Amino acid sequence: MMETAQERNVYDVLKERGLIKQTTHEDQIRELLGKEKVTFYIGFDPTADSLHVGHFMQIIIMMYMQKYGHKPIALVGGGTAMVGDPSGRTDMRQMMTKDTIRENSDKFKKTFGKFINFDDDKAIIVNNADWLLELNYVEFIRDIGRHFSVNRMLTAECFKQRLETGLSFLEFNYMLMQSYDFLELYRRHNCKMQFGGDDQWSNIIQGVDLVRREMGEQVFGMTFALLLTSEGKKMGKTQKGALWLDPEKTSPYEFYQYWRNVEDADVRTCLSMLTFLPMEQVEELSALKDAEINKAKEILAFEVTKLVHGEEEAAKAQDAARALFSGGASLENVPKTQIPASRFEGEGVGVVGLIAELKLVSSKGDGFRTIEQGGLTIDDVKVTDAKLMITKDMFQDGKILIKKGKKTFHLVELL
């Protein structure tokens, strides 16, 4: 059981779990969170049709805050996505149509509902398209633009790296728009805090400053640590791309396997930041060594998959993973593809083409390399010939199990 808001300040909980990176006014924020129900917001630009694991960090924050009695505003950036956030980018984002942004926004809203309780005004979803798309440009520049120093903006981390490669005036406006969101949410919902990943620090402090200048009121900002490996690389990237929360884009099994296979050095960070397990248990699990640490990884994978996909899917993924590691039992939950039997008649299908089609490798070149390095087996027999043709007679009971490396499996079934 988690402690109640009366027993503990959520700020201390977030701090202990290593989630807080920077704050605008640490002591005042802690005091505010301890004495009143605070309305806060986190922004999500709908630049894809699913949220990914980086967003999940922000959702975890909203869940913690809500459990301790505070009110989340999930801000979908239907307006800001029209411009594109230059933070952390070396190139300009592709422009998206209004329809794509609207479709993505609708998908985001559905996902939030799985994690946050929106009943009885305990949380709300808003879309900044509601105020940004109707703005009068000259009025906006006169009223809001006058508060922004270009000299100061150019020192912001989010612009610095782009100045070398070229920063468009369109992107330069992003900071003004995000700051204006904070002002609007303060006016409309008495929103006193903005949270975001640490790459949002420059945007957040400008928003705090704008509310002070326009309203004469003190609001607050806080950033959270990005989910990084012990080597400082962003987590949540797979061979196929991002680790998505949508089961259609990343299956629960693939999602589970990602966390089951993290490096030993990253177990503590992941357990601490991505689960609700008590810190005492996190410390115990993180202290396990050698083969024992695999127990901790199983618990991590199960807990994160359960949060995102539900207990039933997490249990299925765990059973499938165990069955494959132990070389037995159920293949029921392994990713599978059904292919017409006719394709494997006659000469059959080239093995490299097949594994590229199944997205087990990123390209045919990658497929050839995998086989050269001894990294591919079919039904537990190592593939040594990259020109091998897969024919119908190789299927047992209409199935073959392809394994890439030690831990990536795919079942092909004949239709």
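Student: Which residue of β14 is the bridge partner of Leu 376?
Tutor: Helices are DSSP runs of H or I with at least four residues, strands are runs of E with at least two, and both are numbered from the N terminus. Strand β11 (residues 376-378) pairs with strand β14 (residues 399-404) in the antiparallel sense over 3 bridges, where pairing requires that DSSP find at least two bridges between the strands. In β14, the bridge partner of Leu 376 is Lys 404.

Student: What pLDDT do local features need?
Tutor: Residues are numbered from 1 along each chain as its sequence is written, and side-chain values use heavy atoms, with hydrogens and water left out. The model is predicted: totals for chains, interfaces and linings use all residues, side-chain atom pairs count only at pLDDT 80 or more, and local features need pLDDT of at least 70.

Student: Which strands stand at the edges of the open sheet of 5 strands?
Tutor: The order in this sheet is β9-β15-β14-β11-β12, and the pairing is mixed. Two strands each have a single partner strand, so one side of each is left without a neighbour in the sheet. These edge strands are β9 (336-339) and β12 (381-382).

Student: Is Val 412 buried or exposed?
Tutor: Val 412 lies in strand β15 (residues 408-414). Residues up to four places away in sequence set aside, Val 412 touches Thr 337, Ile 339, Phe 344, Leu 358, Phe 395, Gly 398, Lys 399, Ile 400 and Ile 402, contact meaning heavy atoms within 4.5 Å. Under the scheme of relative accessible area (buried under 20%, exposed over 50%, partly exposed in between; 1.4 Å probe, protein chains only), a value of 0% means that Val 412 is buried.

Student: How far apart in space are Val 412 and Leu 401?
Tutor: In sequence, 11 residues separate Val 412 from Leu 401. From C-alpha to C-alpha, the separation in space is 6.4 Å.

Student: In which sense do β5 and β6 pair?
Tutor: The chain passes from β5 through helix α11 (residues 201-215) to β6 in a right-handed β-α-β crossover, that is, with the strands pointing away from the viewer, the path from the first strand over the helix to the second runs clockwise. Phe 195 stands opposite Met 222 in β6. Over 5 bridges, the sense of pairing between β5 and β6 is parallel.

Student: How many of the 5 residues of β6 are buried?
Tutor: On its other pairing, β6 meets strand β1 (residues 20-23) in the antiparallel sense over 3 bridges, with Ile 20 opposite Phe 224. In a regular strand the side chains alternate between the two faces of the sheet. Here both faces are covered, with Phe 220, Met 222 and Phe 224 buried on one side and Gly 221 and Thr 223 on the other. For β6 (residues 220-224), the number buried is therefore 5.

Student: Which side chains make polar contacts with that of Thr 80?
Tutor: Thr 80 sits in the loop between β3 (71-76) and α4 (98-115), and its relative accessible area of 2% makes it buried. Outside four places in sequence, Thr 80 is in contact with residues including Leu 132, Tyr 174, Met 177, Gln 178 and Asp 181. A polar contact is a pair of N or O atoms within 3.5 Å; within protein, one must be able to donate a hydrogen and the other to accept it, and residues adjacent in sequence count only if both atoms are side-chain atoms. The partners of the Thr 80 side chain are, at 2.7 Å, that of Asp 45 and, at 2.9 Å, that of Asn 128.

Student: What is the phi of Lys 359?
Tutor: Lys 359 is in the loop between α17 (351-357) and α18 (364-372), and its 55% relative accessibility makes it exposed. Although Lys 359 is not a glycine, its phi is positive, at about 65°.
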